[in-house]
There are 2 protein chains.
Amino acid sequence: MVTELGESKLRQSDMTISDMIDKNVVLRADDAAIICGDVRWSFGDYAEEVDRLAGGLASLGLRKEDRIAVVAFNCPEYFQIYGAAARMGAIVIPVNWRLKPEEIQFILEDSSPKALIADPEFVEGLRDAADLRNIERRLTIGKGTAEFSPIDEVSGIDVSTGTVGVDDEDPLVIIYTAAVGGRPRGAVITHGNLVAANLQAIATLPIQSDSAYLNLAPLYHIGGLVMSLSVMHAGGRNVLIKKFNPKDAAELIEREKITIIETFPPMLSSILDEASLSGQKLSSLKIGTGLDQTNTIQRFQETTGATFWVCFGQTETMSFCTLSPFNECPGSSGREGLLARLRIVDDYDRDVPAGQAGEILVKGPIVFQGYWQMEEETAYTFRGGWHHTGDVGRLDEDGYLWYVKRKAEKELIKPGGENVYPSEVEKSLLEHPEVIGACVFGIPDEQWGEAIKAVCVRKAGSSLKPEELIEFVANRIARYKKPKYLTFVNALPRGENGEIERETVKTEYGLEI
Amino acid sequence: MVTELGESKLRQSDMTISDMIDKNVVLRADDAAIICGDVRWSFGDYAEEVDRLAGGLASLGLRKEDRIAVVAFNCPEYFQIYGAAARMGAIVIPVNWRLKPEEIQFILEDSSPKALIADPEFVEGLRDAADLRNIERRLTIGKGTAEFSPIDEVSGIDVSTGTVGVDDEDPLVIIYTAAVGGRPRGAVITHGNLVAANLQAIATLPIQSDSAYLNLAPLYHIGGLVMSLSVMHAGGRNVLIKKFNPKDAAELIEREKITIIETFPPMLSSILDEASLSGQKLSSLKIGTGLDQTNTIQRFQETTGATFWVCFGQTETMSFCTLSPFNECPGSSGREGLLARLRIVDDYDRDVPAGQAGEILVKGPIVFQGYWQMEEETAYTFRGGWHHTGDVGRLDEDGYLWYVKRKAEKELIKPGGENVYPSEVEKSLLEHPEVIGACVFGIPDEQWGEAIKAVCVRKAGSSLKPEELIEFVANRIARYKKPKYLTFVNALPRGENGEIERETVKTEYGLEI
């Protein structure tokens with residue numbers, strides 16, 4: 001169809017975070033947007049601050065697709081940086097300041113930012129963590145140092161060059177997720193992903209222009225980012241707290257008439273303890289979300305009268321694949337959201353029946369675009385057009401998701417630095433008409449670091465030889481993916497649901513070459 | 001960025017109307033989806049009916065991108081056809097049965113459907129309207145004839161082939177809009193457009209799983225289609241009425257506890273009259289939308305206690321560019337929606353100040369993909385990345401849109417069948433350093449049907465000749481776009497806001513060659 005419309009298909013069907021900022025200026029320039037201590041930015045103020053910084057960053061040479069790493073507490077400037085990047089088509093790398101120096105170093109090397117913006121208290125630590133000479137522009141939120149200039153000084157230098165053509169398929173953020181296969185991976189998130197997440201949250205919770213969100217979750221986590229932007233998209237206000245403490249949180253909820261919070265243990269119970277001590281009812285609250293224990297959620301709902309929305313999600317899905325009121329099905333992670341589709345599959349991507357555990361797959365506009373400069377991992381994660389979360393769960397008859405566990409992370413085999421996924425090799429082995437079972441895993445190998453081992457079951461009466469089967473596989477997939485070692489056994493150990501017990505196979509045959 | 005992720009960018013970020021159907025089966029298979037007279041389909045029933053028809057249509061040879069024309073009243077089968085097309089990647093051409101035979105004939109020729117599905121009472125009229133031999137498959141909703149087989153007979157023949165890979169960038173519907181430049185244009189609408197429209201309506205009104213929508217607006221109009229699908233996406237129920245009459249409408253609102261209606265004059269006032277006569281309060285209603293007179297809207301709100309949401313939109317924008325409660329700003333068309341951006345511009349796409357009238361431009365995921373097989377018109381409509389609505393309005397200081405009028409539709413000039421837009425020629429004329437004013441329009445021409453005429457103003461003291469200026473333009477844009485006739489005048493008539501009074505120029509100089 002695209003071909004029939006030809007080159008006329010411009011990007012008129014798009015909406016960016018920059019559009020969202022402009023929308024609020026048109027609809028409610030004077031309403032409160034961001035509140036933090038004495039700072040109170042209206043939507044008009046916010047747009048001005050964004051444009052000043054975008055102009056400043058442009059004058060420092062930053063351009064579309066350049067990365068801007070940020071190491072900071074929640075603060076108005078964090079929003080300003082996201083907004084400026086949205087204007088410029090630049091990409092924010094929000095770094096978790098709790099990470100170890102070597103982890104931060106990895107992220108800074110992998111994302112190769114052109115600018116680094118840090119809170120003054122992280123400046124010293126960053127010098128240890130990273131070779132700062134590789135980062136062209138170093139800025140700080142507040143007082144400058146020899147190596148870090150204050151962002152206030154650069155802002156507004158050249159406003160005119162700050163805004164360039166950006167559309168909803170352009171990335172705005174890369175958030176690094178937990179290490180899989182030995183290294184953290186940068187999840188590339190577009191404007192369109194965030195706008196989709198906003199609409200889903202606004203429509204579901206719902207969020208309105210009189211909503212007030214207390215930013216307890218950090219702005220470098222997807223959960224905090226999506227809730228902040230959702231409330232901003234709906235025209236509500238974001239109230240910030242630099243570093244979490246329960247006393248300030250409870251006081252702010254009362255004073256700023258907060259309607260929405262998102263928390264992760266032990267935030268919520270400590271806020272409830274504090275409120276109980278000081279006799280605060282927190283009755284402005286309407287919505288809680290995030291993660292917590294059943295008894296804390298119940299206590300939250302009883303104390304405040306608000307609804308706690310349970311969810312399942314990850315950075316790769318803009319947080320919310322599922323989102324349901326806790327009371328609908330206590331203990332579950334809720335049901336799929338308006339812009340998410342879920343499947344539960346076995347190791348070969350076959351759907352499993354309701355009630356049975358398997359990997360959780362997700363599809364929808366809330367799914368990220370891939371891992372930064374990791375084409376093969378991205379393709380593998382997205383095989384069949386669905387994002388493979390690496391999390392295990394089951395869906396009950398009513399569509400509620402019950403989280404089980406994180407999938408074994410050592411699944412990936414790396415012979416000679418290449419990435420080989422066991423299920424692809426197993427699938428290929430099973431295509432041989434005489435093979436009825438296969439289990440593939442990695443074993444230590446002096447030459448290649450790791451080698452591929454396959455344990456297979458032949459049909460009764462078959463005289464298939466290991467080297468024949470290895471050659472069969474080598475003709476079907478890349479040669480480096482063929483098993484180096486292959487053993488035939490009479491049967492593979494299987495669990496109650498018929499699934500091969502991978503760990504048992506590894507223990508039994510892992511070292512027998 | 002796409003290049004960096006390379007081929008790994010699959011369509012995991014997508015959501016289709018087919019996904020929406022599946023979602024409802026997972027979340028609420030037994031809940032009521034579609035109600036019409038004695039027919040009550042649950043979401044499970046609906047999905048089954050959709051799959052049966054998709055299988056049947058596939059068995060008749062229909063494939064992805066094939067068009068299916070529909071001439072029908074609102075009925076459950078209309079939903080079944082939309083759903084089956086969504087499954088197959090086929091494209092529905094919903095035909096307004098009020099059109100004249102020659103208009104229907106044009107649509108059937110232009111869209112070249114492989115199948116035509118009609119209500120029995122339109123079968124006779126269609127024989128007059130169209131050469132049916134060109135349409136391979138002719139089906140009817142109900143009793144068959146020699147030329148039309150009942151859809152029930154084909155349904156379910158081969159379910160397995162009914163579902164193919166479809167993503168949100170695939171078209172699902174082409175709706176023909178009013179004739180511009182002498183012919184109706186088919187607005188191509190994708191799954192993604194409709195999902196965006198659904199989310200915007202769900203988030204704004206809001207719509208929930210207990211919402212009930214009375215389908216008064218026809219399913220061949222974008223308004224009726226978007227409201228129906230929005231309610232379905234949220235898990236609510238659609239209650240159908242075959243042909244509108246106020247008595248049945250009022251009774252159904254009471255009996256089925258309808259919460260949402262969408263009406264166009266004179267529906268709403270006639271329903272209110274009917275309810276008043278029979279003492280019905282229509283108190284289940286929460287939301288009204290569509291278009292109507294101020295006094296009717298006020299009467300509706302007073303009678304029912306519901307909120308009427310005013311809007312501006314067109315087929316090309318999934319109906320809702322703006323959507324606001326009437327009481328917020330009576331008389332206006334409301335403010336831009338969560339997934340729409342609006343601009344008001346002059347004839348040269350320059351933004352005009354608040355309060356000044358100009359053409360309404362729209363951008364956002366709710367904007368259609370272009371006109372069916374009209375590349376040039378599509379490119380022109382989407383120039384600068386914004387959809388040019390052809391409607392004139394003004395935005396006030398608070399962002400409310402005030403509708404003024406439809407733009408003069410004769411703007412397009414067609415010399416020898418080519419399309420020439422005056423503003424492009426004017427822009428080119430004004431690029432000459434000695435030209436300070438230009439107005440371009442079409443005049444009758446024996447040879448070419450229409451010819452391009454330009455009336456221009458030179459700088460004081462300039463001795464520029466008409467043929468020199470014509471040649472200047474011919475070197476900058478396609479030669480067929482150069483004016484055939486060009487006259488210099490001392491001044492062009494301008495209105496209070498400085499805009500050239502195009503109609504006055506045409507009257508004064510239109511026939512003076």
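Reader: How far apart are the centres of domain 1 of chain A and domain 2 of chain A?

Author: Domain bounds come from an automatic or database domain assignment. Here, in a predicted model, the centres of these two domains of chain A, taken over C-alpha atoms, are separated by 27 Å. The assignment places domain 1 at 15-243, domain 2 at 306-407 and domain 3 at 411-509 of chain A.

Author: On conventions, residues are numbered from 1 along each chain as its sequence is written, and chains are lettered from A and ligands numbered from 1 in the order in which they are written. Local features need pLDDT of at least 70, side-chain atom pairs count only at pLDDT 80 or more, and totals for chains, interfaces and linings use all residues.

Reader: How many residues does each domain bring to the contact?

Author: Two residues are in contact if their C-beta atoms, placed from the backbone, lie within 7 Å. Domain 1 of chain A contributes 26 residues and domain 2 of chain A contributes 20 residues.

Reader: Which element gives the largest share of the domain 1 side?

Author: Helices (H or I, at least four residues) and strands (E, at least two) are DSSP runs, numbered from the N terminus. Helix 8 of chain A supplies the largest share of that side, 9 residues.

Reader: How many residues of chain A and chain B are in contact?

Author: The contact involves 46 residues of chain B and 46 residues of chain A. On the chain B side, helix 2 of chain B gives the most, with 5 residues.
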